[in-house]
Amino acid sequence: MPLIALTGGIASGKSTIARRLASHGVVVVDADQTVRDLQRPGEPVFDEIVREFGDGVVAADGALDRAALGSIVFGDAERLAALNAIVHPAVRAETERRFREAGDRVVVYDVPLLAEARGAREWDLIVVAHAPAEMRAERMMTERGMSLEDATARIAHQASDEERLEMADVVIDTSGTIEHTLEQADALWERIHG
């Protein structure tokens, strides 16, 4: 199966590209959704997180309180490492299972932190969704209701544009119209499929 990594900074347009490729029949495995699935109540990862960080990370509805967990690990390298030691191995195993489940179909792995993972696996193609950081911050403010300070902080905690672009086999420029982004995604599909 061809295995393609789709990455980009926050608010870069990865989801738009992934949806378009899915419309062509590509199997999209979403890294963020995989994490959310593994952190649902009753899942072993959820139980391990609660054991490690306490009941304060459980919301009133019994789900993981991501904000509470974030406040514990944000800025504390040791606590973040403890969380990553729980989550990352489970995500890798589940992701590989989802890849195998796709059989011979083309798989696109929608993974925001590929540059940060530093080559954990070989890819047939690495696609980077790219828009300038200022534009992405503006998107986060208008589409997600974030403050400029929060948007800028999120961008600063990810790999730089230069790091992502350096690893790219294909760059999809998402700074223009949605139609232009979709045209580039279609061209990528033709390249993969052809």
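Two strands are taken to pair if DSSP finds at least two bridges between them. In this predicted model, strand E1 (residues 3-7) and strand E4 (residues 125-130) meet that condition, pairing in the parallel sense over 4 bridges, and within this arrangement Thr 7 stands opposite Val 128 of E4. The two strands belong to an open sheet of 5 strands, whose order is E2-E3-E1-E4-E5 and whose pairing is parallel. The edges of the sheet are taken by E2 and by strand E5 (170-173), each of which has a single partner strand, so that one side of each is left without a neighbour in the sheet. From one strand to the next, the twist averages 25°.

Helix H2 packs on this sheet, where it touches E2 and E3, and the direction of the helix makes about 60° with that of E2. Helix H5 also lies across the sheet strands E1, E2 and E3, and runs at about 155° to E3. At the start of H2, a side-chain oxygen of Asp 30 reaches to within 2.8 Å of the backbone nitrogen of Asp 32. Within H2 (residues 31-38), the residues Ala 31, Thr 34, Asp 37 and Leu 38 are buried. Seen down the axis of H2, these buried residues fall within an arc of 120°, and they therefore line one face of the helix. The elements that cover them include strand E2 (27-30), helix H3 (44-53), H5 and strand E3 (107-110).

The contribution of H5 to this region can be followed through Arg 98, which is placed in that helix (residues 77-101). Arg 98 has a relative accessibility of 18% and therefore counts as buried, the cut-off being under 20% relative accessible area. When neighbours within four places in sequence are left aside, Arg 98 is in contact with Val 29, Thr 34 and Asp 37; of these, Thr 34 and Asp 37 are among the buried residues of H2.

Side chains of opposite charge can pair when their charged atoms come close. In the pair formed with Asp 37, the closest N and O atoms are 2.9 Å apart. Because Asp 37 lies in helix H2 and Arg 98 in helix H5, this pair ties together parts that are 61 residues apart in sequence, and both Asp 37 and Arg 98 are buried. In the pair formed by Arg 98 with Glu 94, the closest N and O atoms are 2.7 Å apart. Glu 94 and Arg 98 both lie in helix H5, at a separation of 4 residues, or about one turn of the helix, and both are buried. These residues take part in a network of salt bridges that links Asp 37, Arg 40, Glu 94, Arg 97, Arg 98 and Glu 101.

A further salt bridge is formed between Asp 186 and Arg 20, with the closest N and O atoms 2.8 Å apart. This pair links distant parts of the chain, since Asp 186 is found in helix H10 (residues 178-193) and Arg 20 in helix H1 (residues 14-23), 166 residues apart. Asp 186 is partly exposed, its relative accessible area being 22%, and Arg 20 is likewise partly exposed, with a relative accessible area of 28%.

Terms used
Residues are numbered from 1 along each chain as its sequence is written. This is a predicted model: local features need pLDDT of at least 70, side-chain atom pairs count only at pLDDT 80 or more; totals for chains, interfaces and linings use all residues. Side-chain values use heavy atoms; hydrogens and water are left out. Buried means under 20% relative accessible area, exposed over 50%, partly exposed in between (1.4 Å probe, protein chains only). Contact means heavy atoms within 4.5 Å. The arc is that of the directions from the helix axis to the C-beta atoms. A polar contact is a pair of N or O atoms within 3.5 Å; within protein, one must be able to donate a hydrogen and the other to accept it, and residues adjacent in sequence count only if both atoms are side-chain atoms. Axes are lines fitted to C-alpha atoms, for helices over the stretch in contact, and angles run from 0 to 180 degrees between N-to-C directions. A salt bridge is a side-chain nitrogen of Lys or Arg within 4 Å of a carboxyl oxygen of Asp or Glu.
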